[in-house]
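Grab a pencil and work through these exercises with the structure open beside you. Try each task before you read its solution.

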Amino acid sequence: MQHADSSGSVMTQAEAPSQQSTSSSGYSGEANSREANSRLGADQDIILEMRHITKSFPGVKALDDVSLKVQRGEIHALVGENGAGKSTLMKVLSGVYPHGKYAGDIVYNGEVLALRGIADSESKGIIIIHQELALVPLLSIAENIFLGNEISSKGIIDWPETNRKTSELLRKVGLSENPESLVSDLGLGKQQLIEIAKALSKEVKLLILDEPTSSLNEKDSDTLLALLTEFKARGISSILISHKLNEISRVADTITVLRDGTLVSTLDCHAQAISEDHIIRDMVGRSLSDRYPPRTPQIGDAVMQVRDWTVHHPLYPDNKVVSGVDLDLRRGEVLGIAGLMGAGRTELAMSLFGRSYGRNISGEVMINGKAVDLGTIRKAIDAGLCYVTEDRKQYGLVLDQSIQRNIPLANLNAVAQFGLIDENRELAVANDYREKINIRCPDVSQQTINLSGGNQQKVVLSKWLFADPEILILDEPTRGIDVGAKYEIYTIIRDLAAAGKSIIVISSEMPELLGICDRLYVMNEGRFVGELSVAEATQEKIMSMIVRASA
Amino acid sequence: MNDETPETAGALKAKPKTSMHFIRTHLREYGILIALIVIMAFFQFMTGGILLKPVNLTNLILQNSYIIIMAVGMLLVIVAGHIDLSVGSVLGFIGALAAVMIVEYDINYVVTAIVCLAAGAAIGAMQGYWIAYFKIPAFIVTLAGMLVFKGLTLWLLAGQSIGPFPKNFQLISSGFIPDLFKAEGINLFSLSLGVLTASILIILSARSRMHQQRIGIVDEPFAFFFAKNAIIAFAIIYLSYLLAAFRGLPNVLIIMAFLISVYTFIASKTTIGRRIYAIGGNEKAAKLSGINTERLTFLTFANMGMLAALAGLVFAARLNTATPKAGFAFELDVIAAVFIGGASMSGGVGTIIGAVVGAFIMGVMNNGMSILGIGIDWQQVIKGLVLLAAVIFDVYNKNKA
Ligand SMILES: Nc1ncnc2c1ncn2[C@@H]1O[C@H](COP(=O)(O)OP(=O)(O)OP(=O)(O)O)[C@@H](O)[C@H]1O
Ligand SMILES: [Mg+2]
C-alpha cells in the first residue's frame with residue numbers, strides 16, 4: 001500500500017493545494033478499493049457507511065467528500081490533525097448537524113438515515129460521547145445515567161429499579177460506586193466511564209468517543225480501552241477519535257485518516273502492522289523524524305524559588321491540597337512536574353498564579369532573589385509569571401469572541417495607547433501568532449467557539465505568549481493536540497527557553513516530560529516526592545517514586 | 001504540516017466573502033435598523049403622517065430620553081453579565097431628592113444636580129459592591145434596591161408630589177438649543193448641527209473603511225457601506241430638519257447624543273470596554289487573564305446608578321414635579337430596549353447603538369399606538385410580543401449560523 005505522504009512530500013510548495021488534495025483523495029480511493037478487496041474474504045458485516053460527506057461552515061469547508069465504513073464489532077479509529085474535521089464528521093453522524101445541513105449519505109444497518117437530531121441517532125443505537133463531558137455534576141450517578149430516560153411509571157420514578165440497573169451498568173464498565181453518589185465527587189476517569197455506562201443504558205450499537213482519553217491518566221485510559229475491546233465481543237462497534245497514537249495502534253482494527261477535511265487513507269490493521277510513524281505520515285503529509293525538537297539547554301541563574309508552599313482546599317479548609325512544596329527554577333530551564341491526575345499540580349500552579357486557587361495559602365516566593373507578592377493575578381503577571389490553563393473552555397477563552405480579541409486579553413495595554421485600543425496593532429498581533437504557531441482558521445475574526453479543540457488550545461497559548469512572561473507555567477499544554485502541532489509547541493517551548501525564559505511544564509504524559517524537560521519534580525498527593533535530572537529519569541523511576549510515596 | 005499549511009491558509013483567506021455571507025453574519029445589526037425604519041414607516045402611514053410631525057417628533061425624543069439614557073448604562077451592565085432592576089426606583093428617588101433639595105430647601109439647581117448625580121453613583125456603587133465583591137447575584141441585590149428606593153422615594157416625598165421646579169431646572173428637559181443664526185421660520189442653527197453631525201459620521205466611517213482597505217480586511221461590500229451611510233446621513237439631516245421646523249434641537253437630545261457617542265467609544269475602542277465584554281463572555285477566563293473583574297463590575301454598576309440619576313433629573317424636569325409614582329416599571333422598558341437591541345442575556349454581546357435603537361423602537365411603538373388610540377392594555381401586549389420576537393430572532397439566527 002502506497003501513502004498519501006509519499007506524493008505529498010515530494011510535492012513542492014509551488015504546486016497548487018488543489019492538486020495536492022485531489023492527488024491524495026484520488027489515491028485514497030484506490031487504497032479503499034484495495035482494502036475492500038482484501039477484506040472480501042473476511043465476513044463483511046458493515047454496520048455503518050458514510051458516503052461522500054461534505055459539510056461547510058461560512059468560510060471553511062470542514063469536510064470534503066469523506067467516506068467511511070465501519071464493520072460490526074470493530075474499533076474504528078479516526079485520526080487527523082487539529083481541525084481536520086474529525087469531530088465534525090461525528091457530529092454529522094450523530095445528528096448534531098441534522099440531515100440537510102450536509103451533503104452525502106449515511107447508511108446504517110442497510111438503511112439510509114435522515115437524522116433530525118441527537119434523539120434520532122440515539123434511538124438507532126448511535127451514541128456519541130463528546131470531547132467535553134456532558135454530566136450534571138450535582139446529580140447522582142443514577143440520575144445522570146437515566147437523565148431523560150427515567151425508569152418510571154406514570155411519571156413517578158422507580159428509584160429501587162433505577163439504582164439496581166445503575167449498579168448493573170456500573171459493573172459492566174468496571175466500577176463499583178454507589179449509584180447515589182454525586183458525579184462531582186468522582187474523578188475524570190470515572191466520569192468518563194459513567195458516560196459509557198449511560199451509553200450502555202441506551203442499548204448502544206455504535207459508540208462514538210471523541211478524544212475520551214485526552215484528560216485521563218494512563219491507568220484510566222487502559223481501563224477504558226479494555227472496555228472497548230470487550231464491547232467488540234458483544235458486537236458493539238466503536239469509533240474512537242484520539243491524538244494518542246500509541247493507544248490507536250494498540251486497539252484499532254481500522255484507522256481512517258483525515259487531513260484538511262478530506263479522506264487521506266483507510267488503514268486495515270489486521271492486513272499489516274501499522275506503525276505510528278505510518279499514521280503520522282498520513283496525518284501530516286510528511287514524516288516526523290523526531291517527536292521532540294533537538295535542543296542544547298543553556299541554564300543560568302536561579303529565577304524563581306518557592307519555599308514551603310502550602311495550600312488548603314477552598315471548600316474544605318482542613319484539607320491540604322499542596323503541602324510544603326519547595327521549588328527552584330533557573331533561567332533558560334524547562335522544568336517538568338510529573339504526577340498522576342489529582343496530585344495537586346494544577347492547584348500548585350494556580351495558587352502561585354495570583355492565588356487563583358485555594359485558601360490559607362502560605363509560603364514564600366522569590367523571583368530574581370527578591371521576595372515578591374503574587375497576591376493577585378495582575379501582580380503575578382506583572383512579576384513575569386503566566387499560567388496557561390489546562391481547561392481552555394472554562395478558564396482560557398472568551399468563546400464567543402474572535403481569535404483577534406482573545407489573544408491580547410492578558411496584555412491589552414500592549415495593543416493600546418492611553419487606554420485606546422489600536423485595532424490594527426491587535427490584528428497584526430493576532431495574525432502574527434496565527435502564522436507563528438499555525439492556528440488554523442479562515443481568518444482571525446473567527447469566533448473561538450468555532451475552532452477545533454486543538455486550535456483553541458493554540459489561541460490560549462498565544463494569549464500568554466503575547467503577555468511576554470519571564471516564567472511560563474504550562475498546564476497540560478498538548479492536551480488534545482495533534483502530533484505535528486505538539487512538535488510546534490515543543491519548538492516554541494525550546495525557543496522560549498533559549499531566549500532566557502523559564503518554563504514549567506505540567507503534564508501527565510511522561511514521555512513528553514522526558515522529551516522536553518531538563519529537570520523533573522515528581523508530585524504526589526500534594527507533595528514533591530522526588531527530583532530527577534532528565535538524564536537519570538525514566539518512566540519507571542517516576543512511577544516508583546509515586547508508588548513509594550503513596551505506600 | 002509546515003509544507004502545506006501556508007497553502008491551506010492562503011486558500012481559505014483567498015475565498016471571497018460574498019454579500020450573502022456578509023448579510024448572514026450581520027443580519028442582526030442591519031435587521032434592527034431596518035426594523036426601526038419599517039416600524040416608523042408603518043406608524044407614519046397609519047397615523048396619517050402625525051408621527052413625523054415636528055411637534056410629535058420633538059415629543060417622541062423628550063418622552064424617550066430618560067429611557068435611552070438608562071439603556072446606555074444598562075447595556076454595559078448586561079454585557080458584563082448582570083442586570084439592574086433598580087433603575088426605575090433610583091430614577092424616582094433621585095427626582096424626589098432633587099425636588100426636596102430645590103423646592104423645599106431652595107438649594108441652587110446646579111449644586112443639586114451635582115449632588116444628585118453623585119448620589120446616584122453612590123447608590124449604584126453600593127449595589128455593585130455586593131454584586132462584585134460578595135458575588136451576590138445582581139438580580140437579587142437590585143431587586144432589593146428596587147424595593148428599598150421605591151420605599152425611600154415615598155418617605156422622602158411623604159406620599160405627596162413636590163413641584164414645580166424653577167425655570168432653569170426645567171430647561172434640562174423643556175429647553176431647546178438657542179438659534180445662533182436667527183433665521184426666519186426655521187431654526188437654521190439646529191439644522192446646521194444636524195448636517196454637521198451627518199458629515200462627521202460620514203467622514204469617520206469613510207476614514208475607517210479606507211483604513212481597513214489599506215490593511216486588507218474590508219468585509220462590508222461597498223454597496224452596503226454606501227447605502228448604510230446614505231440612509232443614516234439622510235435620516236439625521238431629515239430629522240434635524242423636522243426638529244428645526246418646530247423649536248430646534250432639544251437640550252436633552254444634545255445630552256443623549258453626547259452620552260451615546262462617549263459610551264460607544266468606550267465600549268468599542270477602549271481597554272475598559274474590551275474588558276467588560278470579556279468579563280461578560282467568560283468571567284473566569286477574564287479573571288485569569290489578569291483583569292480586575294470585581295472592580296470593573298463595581299464601576300459598571302456605579303455608572304448605571306449615575307445614569308439613572310441623570311435620567312431622574314431629566315424626568316423630574318420634564319414632569320416639572322417629583323411624584324411617588326415616577327419611574328414605576330421603567331426598568332422593564334430599559335431592559336427590553338437593550339435586549340431588542342441585540343444584547344445577550346448571558347453577557348458578552350451587545351452594542352450601545354443597538355440598545356439605543358431598541359429604545360427608539362419601543363418609543364415609536366408607544367407613541368404611535370397612543371396616537372392611534374390603542375389602549376394601554378393592548379400596547380403592553382404588543383410590546384411584549386415584539387420583545388419576544390426580537391429575542392427569538394436572535395436565538396434562531398445564532399442557531400442557524
Ligand atoms: N460551528 C462551526 N463554525 C465554523 N467553523 C467550524 C465550526 N465547527 C467546526 N468548524 C471548523 O471546521 C474544521 C473542523 O473542525 P473539527 O472540530 O471537526 O476538527 P477536529 O478534527 O475535531 O480537530 P481537533 O483534533 O482539534 O478536535 C475546523 O477548521 C473548524 O474551525
Ligand atoms: Mg475535535
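**Exercise 1.** Which element gives the most residues to the shell around ligand 1?

*Solution.* Keep in mind that this is a predicted model. Start by listing the elements that give two or more residues to the shell: in chain A these are β2 (60–71), α3 (86–93) and α16 (453–466). Now pick the top contributor: α3(A) gives the most, with 3 residues.

**Exercise 2.** Find the residues that come nearest to ligand 1, then sort the shell by class.

*Solution.* Step one: there are 20 residues around ligand 1, and Lys86(A), Ser87(A), Thr88(A), His243(A) and Gly454(A) come nearest. Step two: sorting the shell gives 12 polar, 5 nonpolar and 3 charged residues.

**Exercise 3.** Look for polar side-chain atoms that sit by an oxygen atom of ligand 1, and give each distance.

*Solution.* We'll take a pair as a polar contact if its N or O atoms are within 3.5 Å. Go residue by residue:

- Thr88(A) has a side-chain N or O atom 2.5 Å from a ligand 1 oxygen.
- For Lys86(A), the distance from a polar side-chain atom to an oxygen of ligand 1 is 2.8 Å.
- With Ser452(A), a polar side-chain atom and a ligand 1 oxygen are 2.9 Å apart.

Then check how well wrapped the ligand is: on its own, ligand 1 has 630 Å² of accessible area, and the protein covers 91% of that.

**Exercise 4.** Where in chain B is Pro164(B) found, and what kind of peptide bond joins Gly163(B) to it?

*Solution.* Locate the residue: Pro164(B) is in the loop between α6 (138–157) and α7 (167–174) of chain B. Then read omega, which is about -10°: the bond joining Gly163(B) and Pro164(B) is cis.

Technical notes
Residues numbered from 1 in each chain as written. Chains lettered and ligands numbered in written order. Predicted model: local features only at pLDDT ≥ 70, side-chain atom pairs only at ≥ 80, totals over all residues. Heavy atoms only, no water. Near = heavy atom within 4 Å. Polar contact = N/O pair within 3.5 Å; in protein donor to acceptor, adjacent residues only side chain to side chain. Areas by Shrake-Rupley, 256 points an atom, 1.4 Å probe, with all protein chains shown as cover. Helix = DSSP H or I, 4+ residues; strand = E, 2+ residues; numbered from the N terminus. Nonpolar A, V, L, I, M, F, W, Y, C, P; charged D, E, K, R; others polar.
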